[in-house]
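User: Hi! I'd like to talk through this model with you before I set anything up. Could you take a look with me?

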Amino acid sequence: MEKNSKKNKRKVTSMAAVFLAWGITANSVLAAPTAIPTRDNDNINNITEDTTNEQDIPKYIEAKKENSENSSTNIDEISSQQTPNATEISLNETDPQNTNKNDNQIINNSEKNDLINPVSSQNYEYKYFKNFVDINDSIFKEKIKILAALEIMSGKEKGLFKPKENLTRAEAVVSCIRLKGLEKSANLFSDNNKFNDIEDCWAKKEINIAAVEKIISSDEENFRPFDPISACEAITMLVKVLGYDKAAMERGGFPEGHVGIASELKIWNDSNILSQNEKISRENFANLCYNTLPVNIMEKTSYGVERYETNNKNILSELGFKKFSGKMTATNETQLPTTKNNNENLYGDEYKTSEEKIGKNQVKINNELYYVGETNAKFLLGYNVLGFSKVDEETNDKTIVFIDTQENKNKVLNIPTDKIISIQKDEASNTAITFQNKDKNEKIILPKDETVFIYNGKTTETLTPDTLGSKGFLTFLDSDGNDNYDVVFENYFETMIVGNVSEKTGKITSKDGNYVLEENSGNNLILYKHGKEINTKDINEGDQIDLTISKDGTLIKGYVTNRQIDGSINEISNDGSLKITPTNREFKKSPKYLQNISIGEKGTFYLDAKNEIIDIETKNEPLNKNYGYLVATAEVGYLEPEVQFKIFTKNGQAIVLTSADKIKFNNFLATSPSDVIKSDLLYGDGKTKSQLITFETNSENKITEINTANLDVKPNENKFSLNEISQNLEYTAASNKLGTTRITNETIVFEIPKNALNSKDYKIKNFNMFKDGGKYDASIYDLTPDYKAGAVIITNSEPSVSSSDPFVVVDKISEIQNGDLMIVDKLYGLENGRNIEITANAKDILNKKGSKLNQGDIIRYTKNEKEEIDSIEFLFDTANKNSEYINKDLADTTLVYGRVTEVFDDSLNVSVNGKVENYLISGISIYKYDSTLLENQLKVSNINEIKDFEKDNPYHAFIRIYKDVVSGILIIK
C-alpha cells in the first residue's frame, strides 16, 4: 500500500527564507559569535547527533538546555559489510535466508578461512537501493547506498555511480538543495538565471535557488557548473546548508573558517581527502554529505539583536527520515514466537492468529510496523537490521527506504541439503545435525525448544529428514549472540518450465503438467521477477520458475529465473556429465528429465536450482542461424597459410575470424579453406562477394562452417534461403508486414547502406526501425511457412516519423553524458499518458530553429537500435500559442489548434478562427499545460479539467487526428 506524504515542513520554512533573502533582511548582521556543537568519532558505525556543548555557549545566545540533554540520536552500527557477506557466499545481498542459493557450499561468516570455495550462482535480484555496480571497492560504499536511498545523491548513468570521478559544481549544488529539502521549490527558479552560463545546464533551477538561499555566492557572472569543485568549496556549501555560515565567517571566512567549522562538526575528518584545495571525488563528497545528516541545524531565532540557536533538528528529521534498528520478528507470511516455553504456541495458525494482523507490504521490527517500500525487507525475517524510514506526517506510517543487516549481530551458517548426512534427536531431545564440510564431518546441536524452524516460508515443528538430498539449503541464524541458532530456514526448490498461461484465468501450467499455479486459489501465491512481486499475467510461456512450497501447501513462492543456455552437446563423459558449447561447461542431467540426450543435440537447456538439466527445448532450425554479413576474405601467411574472414555479426561487430584446418562449405567438407574463398559463390571480379552468410565456430573461435543462401522464392525451412530482393517495399504497422513479409522481434535486421565504403557504416537494427507507410529496399531471408523473416538486409533507411506514432509533449530538455562519454540531449515529457525520459544520440537533435525545445512543445521522434532519439518531427510550438489553425498537410494526420468553446462528457467544441467543430475525445490521452502556474505546469489531465475559453481564463486545445480519429489532445492555458 503506497502512502502519500505531506510536503515537508522544512520546505515551507526554507521558502520563507527565500522571500526574506529578496530584501527584508539583506543587510542583517549577527550580533555575536556563534557556538559550534561538537561531535564524537564519526565512524559510520557510531555517528551521533550531539548538541551544543553548554560550556561553549556565549551568554548572549540563549541555547536551551533541554536540547543538549534530549537531542542526541545515534545513527549507530550502519553495516559496512552485509551479513552474510554477499561476495563470499555468492548470495544476493537481498536474500540472507538463502532462498535463492544454488551452489553446494557451506558458509559460516565467523569461520571464513575454513570454507568451501564459493561459486557464482543465479540470484533473485532485488534493487532495494540504487544498485551501483562500480562502488564495491569504495571505502564509502555503504554511505553511497544510503545517500542514494535517501535521494540525496544520484548515479552518473544507469548502474554507475563513478565514485572516483571528480564532483562537478552543479552536482554539489543539487545534493545541497536536496539536503535542504528544496528540490520542489527549485522549480520556481527555472527562468530567473543568477549566472550567465547556466541556461543549458541540467541543474539550472537548483543553482538559482542555491544562490537565493546563499548556499553559493552570486557575485560572479559565471558559475562554471561543469567544472570540478574543490574540497574546501564543497565543505563551505555544506556548512552553509547546516546554517553555520555566520560562525564560519567569524572564524576567518572562506576557506579557513568553513573548514574549521566542518572539522569541529566532524563533517570533514577523513585522511583520504589530503588537501582542502584539491578536487574532491564523488565518493569523498558522499562521505561529507553523510556526515552532515546527524548534525544539529543552526537557525536564526531573533532578528533584532540577531541570535542563532541549535534545536532538536537535523537533516534527517527535517527531511522526514528516521533511523531504526532491531530484530525483524514478523512479516505477513511468517511470525517469530515471542516465547519459547511452549511449543504449542510456536507454530502454525494458532500462534499466528494470536498476533496482530500484518499487512501484505509490512514487516515488524522491535514491535513497530513498517511498510517495506521498494526494499528487500521481507527477506530479513529473524535478522538484526538497521535502516532508514520515511515517516508520513499525517498518518505516522513508516516506509523503509534503506535496510541492511547489522554487522556482528547475526551469525549465519548455510549448508546445502545434499551435504547433510543425518538429522537425529539425542538423549536430551536436542536436534543433532551432521554434515560434510570438505573432507570432514561436523555436527550442530540445536537445544530443545530453543530453535524456530521455518520450512519454505512457514513455521514448522522440526527439521525434515525426508528432504535430505533435495536441491536446497539450510540457513542457520543466531541473532541473540548466545552461540545457539535461534532460527533455521529450510528452503527446497522445485523447478517448473511454463508450458501455458491462460489469458482469461491467469492459470499457469508447467510444460510437463506437474505444476499448476493460480492466483485466488486459496493458497498464498507470490511470484517474483528481478526481485519484484509480479502477477501471473506477467508470466510467459517458456519462463523458468523455481518454486518453494510450504509444508501445508498454503504458501507458494515462485522466482522467475534465467538459468538457460542456448547451445549444443559436444561431449558426454562416462559419469554422465554433458558439455554444452559455447560455454564448454559440464552439467549433469536431472533425474527428473527422463529423455535421452545425445551428442549434437541443439536447443535451449534449462537448469534447475542445482544447475542440473531439467528440460531441453529443441531447436527446429535445420541450419544454424548465426547470421553474419561477409565483408572480406584473405589468405595470409607464407609457411603455413591461413584464411581469414571479416564478418559483420548479428551482434553489430565487425570481426576477423580465422578458419579451422577443415571447414564445411554449404554442407560439404571443403578440401581446404583456400578452396572456399576461391569459390564462385564467395569470389568474383577480383574481390570478395559481400553477402549474408551463416557460420559456425569451434571452441577456439575458428570458423568450421560457412553457408551461402539459396535463391528460393518459397519458404523453405530446410535451407538457408534468400527469398526476395525488392525495392520500395511498404511497411504496414498494423500487421507488422514489409510488403507481404512479417517482421517480428526475432527478425535480425542488417542495415547495409548501398554506398557504404566501410563496415563502420553497417548497423544492426530491430523491427522498431520500420515506420508505418515507410518505403524500404530489402533483401529477405529464411521465410517460414507463415511468412516470418529470419533476417532482412535493408539498403535504404532514412529515419522518418510514422503517422501512427503518438506525440510527445515536452516537459524539459537536459544535457547528459552518455556511456560513450559524449554530451547528448535528454528529453523529459509526456507520452501515452505517462512520464517518459529518453536520451538522444547527439547534442542538438532536440532543437527548434537553433534553440532547445521548450516546455509545452509537441514532437514525434524516431529511435535507433540503441533506443536513442535520432530524429524528430516538430508539431506544435508553444511560443505561437495565440495563432489558431487547421493543418491537413500531413499524411493521414490533421492538426487542430483553437479555442475551447464548450465541454461535454466525451467531447468538446473548438473554434478555429471563428469556425466551430465538435471533437470526440473519449478514451485518449489528455494533457494540460498551464503557463500561469509556478510549478507542475505540465501534467496528465482529464476532460473534467478542461474549461471554456474566456478572456480572463483562456483555454486552447491542440488536437491531433489520425485517420479521422482523435489520437491525443493538449489543453493549453
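User: Which residue does Lys863 form a salt bridge with?

Analyst: The partner is Glu867, and the closest N and O atoms are 2.8 Å apart. A salt bridge here is a side-chain nitrogen of Lys or Arg within 4 Å of a carboxyl oxygen of Asp or Glu. Glu867 is partly exposed too, because its relative accessibility is 35%.

User: Good. Before we go on, what kind of model is this?

Analyst: This is a predicted model, where local features need pLDDT of at least 70 and side-chain atom pairs count only at pLDDT 80 or more, while totals for chains, interfaces and linings use all residues. Residues are numbered from 1 along each chain as its sequence is written, and side-chain values use heavy atoms, with hydrogens and water left out.

User: What does the chain average in pLDDT?

Analyst: The average is 79, and 80% of the residues score at least 70. pLDDT is the predictor's confidence in each residue, from 0 to 100.

User: And where does pLDDT stay under 50?

Analyst: One such stretch is residues 109–129, for which the model has 78 contacts beyond four places in sequence. Residues 340–354 also stay under 50, with 28 contacts of that kind. Contact means heavy atoms within 4.5 Å.

User: Thanks! Back to salt bridges: how many are there by this rule?

Analyst: The count comes to 41. Among them is the pair Glu571 and Lys579, whose side chains meet at 3.6 Å, N to O. Glu571 counts as partly exposed because its relative accessibility is 34%.

User: What about Glu442?

Analyst: Glu442 forms a salt bridge with Lys440, with 3.7 Å between the closest N and O atoms. Glu442 is partly exposed, with a relative accessible area of 25%, and Lys440 is partly exposed at 46% relative accessibility.

User: Which residues are linked in a network of salt bridges?

Analyst: Glu333, Lys360, Lys378, Glu533 and Lys557 are linked that way.

User: Changing topic, how many helices and strands does the chain have?

Analyst: The secondary structure comes to 13 helices and 61 strands. Helices (H or I, at least four residues) and strands (E, at least two) are DSSP runs, numbered from the N terminus.

User: Can you walk me through a sheet?

Analyst: Seven strands form an open sheet in the order β21-β20-β19-β24-β25-β22-β23, with mixed pairing. β21 (516–517) and β23 (532–534) stand at the edges with a single partner strand each, so one side of each has no neighbour in the sheet. Two strands pair if DSSP finds at least two bridges between them.

User: How do β20 and β21 pair, parallel or antiparallel?

Analyst: β20 (residues 508–510) and β21 pair in the antiparallel sense, over two bridges. Thr509 stands opposite Val516 in β21.

User: Last one: where does Asn269 lie?

Analyst: Asn269 lies in the loop between α9 (256–264) and α10 (282–292). Asn269 counts as partly exposed because its relative accessibility is 34%. Asn269 and Val259 are 10 residues apart in sequence and 10.0 Å apart in space, C-alpha to C-alpha.

User: And what share of the whole chain is buried?

Analyst: Buried residues make up 51% of the 973 residues.

Key:
Buried means under 20% relative accessible area, exposed over 50%, partly exposed in between (1.4 Å probe, protein chains only).
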